[in-house]
Amino acid sequence: MLIQYIPTLYVLVLLPVVVGAMGYFLPRRIYQGVLLVFGLAMVGISAVVFYEVRVLGEVIEHVAGWGESVSISLRADELSAPLVLMTNVLFFAFFVFNSRAPYMDNTFQYLFMTLQCALLAMFLSGDLFNVYVVMEVGMLAVCILIMYKKEKQSFYDGMMYLMINFLAMAFMLLGLGYLYRITGVLDFIGMHDKIAQINDPRALVLPYSLIMTAIALKAALFPLFSWLPRAHGAPSAPSIISATLSGVQVKVGVYLLIRMQWVFSPAIDASVFFAVLGFVTAVVGFLLAVSQKDIKLILAYHTVSQVGLIVLGLNGGTPYAFWGGMYHIINHAMFKGLLFLTAGVIIDHYGTRNYAQIRGVFRRMPWIGIAGFAGVLGITGTPLFNGSISKYLIQNGLQGNLAEIGMFIVNLGTVLSFVKYSTMFFGKAPDHVKPIKDPYVNGVSMVIGFGCLAGGIFGAQAVQLFFGQSYNLGGALGAEKLTMFAITLALGIGLYFGVVTRIGGFLQRVRDNKVNFNQVSLLIAIFFAFLTAYLYLTV
Amino acid sequence: MQWIDSSHLSLGLFFVGLYGVISQRNVIKTIISINIMDAAAILFLITANLQPGSVPPIAGGDPSRMADPVPQALMITAIVIGVSVTAMCLALFIRMAHRYGSSDWEKIVHRVED
C-alpha cells in the first residue's frame, strides 16, 4: 500500500514545518489558501496511516535503513494512530475557525504549524531522546503563542510556563541519561526488552521517578498543575491556542505516561499510585474550577480535573477503564476544544471574562450558544453525548471499588462547575453586544458540537472504530445512565445554589492564593522525593 | 575516595541546582540554577559507561578503544537546546523586569495584574 512506497510518517512530521517555512513570505491570503490544502492533506495522510495501523498492524520507519533500536525510528501503533488523526483533524478545524481573526498573520500561522509538527513528532517518535527534543521545540512554540496578543500579564505567564517546563525537562534529561546507562538504548521497544532482563528492579527507581516527575508535570497531575491554568487561561492567548493546549497538548503528557509505564512494566508497576493521583487531581481540579470567576480559568482548571479522570481510567487496572480513558482523551479534545473556542468568541464580544457579567448568549449568538452548550453537555456526561460513553466505560471498569464512589464525586464536581458556567447562556444580553456574522466561526463550532453528539449516539461504534474494542455500552439512552445522570444533575444544581453561591468570601481567598516560581519548584522536588520514596518502599 | 565518580558528581550538581531553584528569589539566579541542573544531566550522559583510557570517537582512531559516540552526539543537541531556552528565558526576563520593576519572584507575583 501507500506506506511501502513513501515514508508517510516522515512526511507527516516534516510537512508542517516545511510548508510553513516555504509559504511564510507569501501574502496572507495566498498563504491561507496553501494552508487549507495542507490541512486537508494532513487529515488525509493521517487517515491513511490510521487505516493501515488498524488493518495491517503497527507501522515502523527507520532512518536510512539502519536496524532496529540503532536508528532513529518513527512508529505508529494502535495507541498513537488515533491520537495523530485527532491532532490533525482538530488543527484543521481550528485553522478554519480562526481564518479571519485579525492576529492570524504569517508568523502566528508558522508558529502554530511548528506546534503541530512538534505534537505529531511526540506521538510518533519511537525514541525517548527524540521525544525530549520535540518537547523542547513544542515548549518554545507554546511559550510564544500564549503571549501572542501581549495583553496584561502575558510576559509573566510566558515566563512561568517556560521556566517550569525547562526545569521539568532537566529532570527528564537526567532520567534519560540514567536509563541509557542501564540499558544502552534509547528506543522504547529496545528499553522495554532490556528492562525485562534486569534482575534488580531497584536500580530503575531513580530513572523512573526522574522521568515520571517530568511527565506528571507535562500531564498536569496534582500537585504539579499550577502552570496549566496560567498557560491555558492566559488572557493574551488566542482562543485557538487555548483550545489546542487543552485539547491536544496536555494529552502528550498522558500519552507519554502510558508509554513510559509500558517501557518500565517488566520491573516497576506504579499504576495504583497513578490511579490515586489521578483521582486527587480530578477532585482538586474541580474544586479550584468552581471557585473561579473568569470563564477561561474555569475551563482551564477543569482540564486539570478531566486529565485526572483520564489518568484514573488508564490506571484503573481493567481493559474497560483503560479504553474508557483512551476514548475520554479523544472526547475531551473535542468538547474542551469547542468550549475554549466558544469562550474566546464570547469574551471578545462581551468584552469581559467574568461569568457573572455574561448573560444571554443563546439569544445574542444562537449558533455559538448551541455549540457551546453541546460542549457543556458533553463534558458533564449527559446521555446521548460523547462524555457519557467514556465515563460509563471508566465507571464500569472500576466497578466494586472505592474508585467507583470517587468517580461519582468527580462527576458531581464536573456538573457543579458547569452549572456555574452555564448560567451565562441564559437571561438577557446587554445591548452593546453584537451578533456574530463570521460563517467560519459559527460553522466550525456547530460541526464540532455535532461531533460531540455523534460520539455519544454512536459511542460503541466509535470505540470500535478508534481502538478496535467492542463493548456493550447499554445503548446511548440506557436506564442506568439516565438515572445516574439525573441524580448527579439534581445534586449538582442543589449544591451550587445551596452552598457555592453562599461562600463567596472563601472562594475569593482561594482565588487570591498565588504560588510563585520557588514554591512551584519546591512542589516538583517534593513530588520527586515522594515518588522515589514510594517506589523504594514498594518495589 | 572511590565513590567520587562522575555519576555521583553530576547527581550532586543536579541537586545543588535544584536547591538553588527552590531557595533563590532572584530570577537570574533561578535561571542559572536550572542551567546547572541541565549541565549536570549533560555531564551524566557524556560520562555514562565511559571506560578509562578510551579515545574520542573520531575517524582514524582505534575503534576498539573509542568512547561510546551516541551520548556525545545527543548531548551536542541538548546543549544547543539548553542555550536557546536560556536565551529565551533571559529575553523574557528583561521584558518582565521592565514591566514589574523587580527581579524578585515574590515581589513580581504580587504585582501581576489579574
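**Salt bridges, the chain interface and a helix pair**

A search of the whole structure, a predicted model, finds six salt bridges over all chains, a salt bridge being a side-chain nitrogen of Lys or Arg within 4 Å of a carboxyl oxygen of Asp or Glu. One of these joins the side chains of A:Glu58 and A:Arg75, at 3.3 Å from N to O. This pair links distant parts of the chain, 17 residues apart: A:Glu58 lies in the loop between helix H3 (28–56) and strand E1 (59–62) of chain A, and A:Arg75 in strand E2 (residues 73–76) of chain A. Helices (H or I, at least four residues) and strands (E, at least two) are DSSP runs, numbered from the N terminus. In this predicted model local features need pLDDT of at least 70 and side-chain atom pairs count only at pLDDT 80 or more, while totals for chains, interfaces and linings use all residues. Side-chain values use heavy atoms, without hydrogens and water; residues are numbered from 1 along each chain as its sequence is written, and chains are lettered from A and ligands numbered from 1 in the order in which they are written.

Turning to the interface, zero salt bridges are found by the rule between chain B and chain A. The contact (heavy atoms within 4.5 Å) takes 42 residues from chain A and 47 residues from chain B. About 4300 Å² is buried between the two chains, 78% of it on carbon and sulfur atoms; buried area is the accessible area (1.4 Å probe) that two parts lose on being put together, summed over both.

Within chain A, A:Phe373, A:Val376, A:Ile379 and A:Thr380 of helix H16(A) meet residues of H18(A), including A:Asn411, A:Val415 and A:Phe418.
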